[in-house]
Amino acid sequence: RDLDRDDDVAAIEQFASLRQFEAANHSLNHLPWLHTMSDEEIDHEINETHRRIETSLGMTPLGFRGPGFSCPDEVLRILARRGYAYDASLFPTSMAPIARAVFLMRTKLKGEQREKAKRLYGGFNSMRQPNEPHQRSVPESDYRIWEIPVSVMPWTRTPIHFSYVLFLASFSTRLAKTYFRGALAMCRRWKIAPSLLLHPPDFMGRDDDDDLAYLPGMSLSRKSKLDFVSWALQLYVSRFNVVTLIEQTNATAKTAL
């Protein structure tokens, strides 16, 4: 929806100054329960976002990440019709039910929205999903799309992206740094190229917006977060060749041939 505002479009266009930048589809309204919506509603969420990215940014998105890690079969069918190369929605974590319980407790959703949110993130069987890029078959089609999961810690399948690591940092910076350093070491040992998430609140603190207090790690100050994320990103770049998701998808596809 930000692409309806000229100021927001101008801010997004600044990403073009980066060495690498890819605009991908994250839905129109960021409703984390695509799995409960009708085919028509899902179609609008994806196709309207696709149109706005092309119109406002002059880029054609080739990837999708579902809000709330939601990517039901209908989403895959729409992505296939659009010729998307990858989806990056799966979150193969052992913590799914716990993450859902915390979300429900902190957001205080009620009524229909609360019922829809009860299926967020999946169950404990989410951890059985692959933790590395793989192809998914699109129902009722010969099309196959690459899945680039949100990486989790090998073996324990606990989250390693910044929202969760910053939550640890709110208790102990040393613990959070040890955990993140260990996660990258485990990924190298298991030959997993970690795909990490960055959310806007990872760069915001308790001094920025009281309305976001329910999110993990929002008890930290902005400076504390920026210091930690800067350290973590520098470590990440020093251990891995960090690229956009479409580049990772293309490289993975070539390796698989």
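At what angle do helix α6 and helix α8 pack, and how far apart are their axes? I looked this up first, in a model that is predicted.

**Entry: α6 and α8**

I took α6 as residues 162-169 and α8 as residues 222-239. The two helices pack at an angle of about 125°, and their axes are 11 Å apart.

From α6 I have Phe162, Val165, Leu166 and Ala169. Facing them in α8 are Lys225, Phe228, Val229, Ala232 and Leu233. By class, this contact has 8 nonpolar residues, no polar ones and 1 charged.

**Entry: Arg52**

I then turned to Arg52, which sits in helix α2 (residues 39-57). Is Arg52 buried or exposed? Its relative accessibility is 15%, so Arg52 counts as buried, the cut-off being under 20%. I checked its side chain for partners and found a polar contact of 3.0 Å with the side chain of Asp4. I set aside neighbours within four places in sequence. Arg52 is then in contact with Arg1, Leu3, Asp4, Leu28 and Leu57.

**Entry: Thr93**

My last stop was Thr93, in the loop between β2 (86-87) and α4 (96-107). Thr93 counts as buried because its relative accessibility is 1%. Which backbone oxygen lies 2.9 Å from a polar atom of the Thr93 side chain? I traced that oxygen to Arg157.

Notes. Residues numbered from 1 in each chain as written. Predicted model: local features only at pLDDT ≥ 70, side-chain atom pairs only at ≥ 80, totals over all residues. Heavy atoms only, no water. Axes fitted to C-alpha atoms, helices over the stretch in contact; angles between N-to-C directions. Helix = DSSP H or I, 4+ residues; strand = E, 2+ residues; numbered from the N terminus. Contact = heavy atoms within 4.5 Å. Nonpolar A, V, L, I, M, F, W, Y, C, P; charged D, E, K, R; others polar. Buried < 20%, exposed > 50% of the residue type's maximum accessible area, 1.4 Å probe, protein only. Polar contact = N/O pair within 3.5 Å; in protein donor to acceptor, adjacent residues only side chain to side chain.
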